[in-house]
Amino acid sequence: MARANLLVVDDDRNLLEIIRMRLESLEYEVTAVREEEEAKQAVMVQVFDLAVIDLQLANQDGISLMEEIHLLSPDLPVIILTAHGSIESAVEAMKRGAYTYLTKPFEARELTLHVDRALENRRLTSEVNRLKGLLGERYDFKNIVARSEKMHQVLEAVSRIAQMDSTVHIHGESGTGKELIARAIHLASPRKDKSFVAINCAALPETLLESELFGHEKGAFTGAIKSSKGLFAQAHEGTILLDEIGDMPPSLQVKLLRVLQERQFYPVGSEQPVSVDVRILVATNKNLAALVKQDLFREDLFYRIHVIPIELPPLRERREDIPLLAEYFLKKFSAQMSKEIKGLAPAAVQRLMLHEWPGNVRELENTIEYAVAMTVQDVITENLILPGKAGAVIEALKPLKEVRDTFEKGYLVRLLEHTQGNVSNAAIIAGRYRADFYTLLKKHGLNPGDFKK
Ligand SMILES: Nc1ncnc2c1ncn2[C@@H]1O[C@H](COP(=O)(O)OP(=O)(O)OP(=O)(O)O)[C@@H](O)[C@H]1O
Ligand SMILES: [Mg+2]
């Protein structure tokens with residue numbers, strides 16, 4: 001690692017020399033100056049990791065010099081040297097942005113301690129910023145909580161495919177976040193400023209669905225008192241999500257195929273084809289390939305929509321997302337209900353970790369909403385989590401190995417949360433050797449880096 005670069009400013013020649021020698025003996029690169037102007041010059045041409053500035057300089061006070069330096073180098077930690085008894089200036093220095101202060105006369109050991117600590121702090125801060133930057137670059141999806149490797153892969157796919165116009169087939173159990181992902185694709189795409197429209201193909205009877213999708217002419221059917229545009233036309237230059245596409249009746253499947261092939265359709269009761277430029281996303285919780293085999297879904301349509309598949313894993317297969325999602329929903333609902341809730345009690349988190357979540361993220365969201373609504377304390381206790389259901393949760397007699405694995409993973413996630421991803425500490429608590437501990441993490445697909453705050 002490169003040597004840390006330190007700036008020392010003091011008009012007292014003797015003290016300046018002592019500090020310089022001391023810091024140089026610790027292998028730091030030191031620029032020692034007596035004049036404020038020299039200090040400012042130095043900051044303009046070099047990048048420093050830390051500055052030590054005397055409070056009382058020849059022409060200026062050290063705090064205002066610090067402020068000027070901070071204009072150029074806002075994150076530079078500064079240690080202010082104050083005279084004995086001037087607590088007020090020390091406090092003032094801290095308020096105006098000093099990292100810390102040292103009262104003169106000080107021992108060499110004290111100086112070293114403060115300098116080392118400030119540098120370590122700076123190193124950590126810049127590391128955190130670097131990681132944040134990396135994360136931001138990779139996944140700029142603020143409203144999507146994802147810690148598991150599986151979800152990271154989904155988000156990575158989303159950012160890659162957002163740029164294209166290909167049809168995406170999002171598959172996942174109910175409540176896994178299919179619509180959320182569809183919106184994310186739209187928002188990350190060049191079409192983001194145009195409309196995103198979504199329709200649930202299972203919710204409407206055939207004729208209504210057709211006119212919803214393609215629009216109709218006035219008088220096309222009883223009740224069609226004026227013409228209507230239809231969702232495909234509304235989504236022109238934007239994105240349309242066809243949800244529950246597996247439930248689309250066969251007659252409409254043919255019409256959809258035509259849209260996919262030619263980007264053209266006929267409104268109900270019209271002979272005039274309409275052309276559109278839309279990106280089509282489809283979602284389903286059914287196994288479309290199986291529906292094709294049973295002749296319930298057209299094979300040619302299947303191949304047309306199955307261009308880019310995205311598989312959303314059920315929540316029980318990514319339990320490491322549970323605590324993070326719970327926190328996220330806790331914040332959301334506390335804010336909505338104007339309640340100040342600090343967090344979840346450990347036993348409450350444990351109960352969340354052990355549940356099977358057949359309703360996936362939506363069920364978790366509802367669970368937290370209920371708990372936030374019901375709680376009279378500022379911490380959510382376990383009796384408010386899945387009341388009536390817990391208990392039945394693990395005992396639902398499953399093979400021992402499965403239960404053990406579930407427990408083990410839940411335990412590891414809690415442990416990594418607790419140690420903020422510090423594997424050495426986690427291994428000590430778990431009573432395992434580091435190497436063994438890594439093997440365990442690997443077995444469960446856990447990445448300690450994901451738990452660093
Ligand atoms: N990773 C996530 N981060 C934050 N919120 C999520 C996440 N996944 C899902 N949700 C939330 O969970 C709820 C259900 O998600 P969504 O409606 O997208 O699921 P779905 O798969 O379309 O469900 P369904 O099959 O019932 O239509 C929504 O409120 C959504 O915002
Ligand atoms: Mg949905």
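Reader: OK, how many helices and strands are in the chain?

Author: The chain has 19 helices and 14 strands. Keep in mind that this is a predicted model.

Reader: And what's the radius of gyration compared with the globule rule?

Author: It comes out at 31 Å, while the globule rule gives 22 Å for 453 residues, so the chain is more spread out than a compact globule.

Reader: What box do the C-alpha atoms fill, then?

Author: Along the principal axes, roughly 95 × 55 × 45 Å.

Reader: Which domains is the chain divided into?

Author: There's domain 1 at 5-135, domain 2 at 149-313 and domain 3 at 317-451. The centres of domain 1 and domain 3, taken over C-alpha atoms, are 43 Å apart.

Reader: What share of the residues counts as buried?

Author: 46% of the 453 residues. As for contacts between residues at least 6 apart in sequence, 68% of them join residues at least 24 apart.

Reader: Switching to confidence: what's the mean pLDDT of the chain?

Author: The mean is 88, with 94% of the residues at 70 or more.

Reader: Noted. What's the strand order in the five-stranded open sheet?

Author: The order is S2-S1-S3-S4-S5, and the pairing is parallel. Strand S2 (29-33) and strand S5 (100-103) sit at the edges, each pairing on one side only. From one strand to the next, the twist averages 20°.

Reader: How many bridges link S1 and S3?

Author: Four bridges, in the parallel sense, between S1 (residues 5-9) and S3 (residues 50-54). Within that pair, valine 9 stands opposite isoleucine 53 in S3.

Reader: Which strands does helix H1 lie across?

Author: H1, residues 13-25, lies across S1, S2 and strand S4 (78-82). H1 runs at about 175° to S2. Helix H2, residues 36-45, also packs on the sheet, where it touches S1 and S2. The direction of H2 makes about 165° with that of S1.

Reader: Speaking of phi, what's the value for tryptophan 357?

Author: Near 50°, which is positive in a residue other than glycine. Tryptophan 357 is in the loop between helix H14 (346-354) and helix H15 (360-374).

Reader: Is tryptophan 357 buried or exposed?

Author: Buried, with a relative accessible area of 0%.

Reader: And what about the phi of leucine 386?

Author: Leucine 386 also has a positive phi, near 50°. Its place is the loop between strand S14 (379-380) and helix H16 (392-395).

Reader: Buried or exposed, that leucine 386?

Author: Leucine 386 is buried: its relative accessible area is 5%, and the cut-off for buried is under 20%.

Reader: Great, that's my checklist sorted.

Conventions:
Residues are numbered from 1 along each chain as its sequence is written. Chains are lettered from A and ligands numbered from 1 in the order in which they are written. This is a predicted model: local features need pLDDT of at least 70, side-chain atom pairs count only at pLDDT 80 or more; totals for chains, interfaces and linings use all residues. Side-chain values use heavy atoms; hydrogens and water are left out. Domain bounds come from an automatic or database domain assignment. Two strands pair if DSSP finds at least two bridges between them. Helices (H or I, at least four residues) and strands (E, at least two) are DSSP runs, numbered from the N terminus. Axes are lines fitted to C-alpha atoms, for helices over the stretch in contact, and angles run from 0 to 180 degrees between N-to-C directions. Contact means heavy atoms within 4.5 Å. pLDDT is the predictor's confidence in each residue, from 0 to 100. The radius of gyration is taken over C-alpha atoms; the globule rule is 2.2 Å times the number of residues to the power 0.38. Buried means under 20% relative accessible area, exposed over 50%, partly exposed in between (1.4 Å probe, protein chains only).
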